[in-house]
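Thanks for asking me to look this one over. My notes follow below, as a few numbered points to read with the structure open.

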Amino acid sequence: MTNSVKPFRYVMQIVLCAALLLGITSSLSAQEQQNELPRVIIETSEGVIEVTLRPDIAPETVDNFLTYVSNGFYEGTIFHRVIPGFMIQGGGFDENLNRKQTRDPVPNEAKPTAKNLRGTIAMARTSSPDSATSQFFINLADNGFLDAGVRGPGYTVFGKVSGGMGVVDAIASKTTGRSGGMGDVPKDPIIIRSVSQRKADSTAE
């Protein structure tokens, strides 16, 4: 009986060591993947927000967004729709609520596995699924009803806030009202001063 226990313990030690090594390898792989994902810095009048994009789940959406970024499109736009407990939306209007001219819409890439959780960034659109252009929103809560398959085709999640969620919450706390025929517009404009892609070797602040 004693002799049979020792080999069993030996085998279990090997299994545990292998599992530990596999876990470390998986963690490193995930970290390497995270470092390779594109990140953008959204500088607003309330502070800086960093977003890590996910071209692996929404390639056309990310490419479209980065094209707007590289063209300087978002400079001077505002967060024009702010609803506490729901989301903040921006990227389509200037400070005077003039709508900016956009590129052609991109296909809806919403997936049931890419959920509208708190801190995720997704594309705004009309009732037509394939109508997203430049406008985006950041979820303030887990908004499962926006996910693909829940109430229709869903809204495309293409990244997540990886720094500055406190800034997002600060924006969400601003007083809003009606302006320019729209509701939930911040009384004091929340300006997006710039959106730029962070270099791969940079670290989050």
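1. Starting with the overall layout, the elements of the protein chain run in the order α-β-β-α-β-β-β-β-β-α-β-β-β along the sequence. That gives three helices and ten strands. Please keep in mind that this is a predicted model.

2. Next, contacts across the sequence. Taking contacts in the protein chain between residues at least 6 apart in sequence, 67% join residues at least 24 apart.

3. On burial and surface, 40% of the 205 residues in the protein chain count as buried. The protein chain exposes about 11,200 Å², and carbon and sulfur atoms supply 53% of that area.

4. In soluble globular proteins, nonpolar side chains tend to be buried together. Here the largest nonpolar core has 33 residues, and the members that touch the most others are F65, Y74, I88, F136 and F158. There is also a second, separate core of nine residues, with I83, A122, F137 and V157 among them.

5. Is N64 buried or exposed? Its relative accessible area is 1%, and buried means under 20%, so N64 counts as buried.

6. Which residues does N64 touch, leaving aside those up to four places away in sequence? The list is R103, D104, V106, M123 and T133.

Definitions and conventions. Residues are numbered from 1 along each chain as its sequence is written. This is a predicted model: local features need pLDDT of at least 70, side-chain atom pairs count only at pLDDT 80 or more; totals for chains, interfaces and linings use all residues. Side-chain values use heavy atoms; hydrogens and water are left out. Buried means under 20% relative accessible area, exposed over 50%, partly exposed in between (1.4 Å probe, protein chains only). Contact means heavy atoms within 4.5 Å. A nonpolar core is a set of buried Ala, Val, Leu, Ile, Met, Phe, Trp, Tyr and Cys residues joined through side-chain atoms within 4.5 Å. Helices (H or I, at least four residues) and strands (E, at least two) are DSSP runs, numbered from the N terminus. Accessible areas come from the Shrake-Rupley method with a 1.4 Å probe; for residues, only the protein chains shown count as cover.
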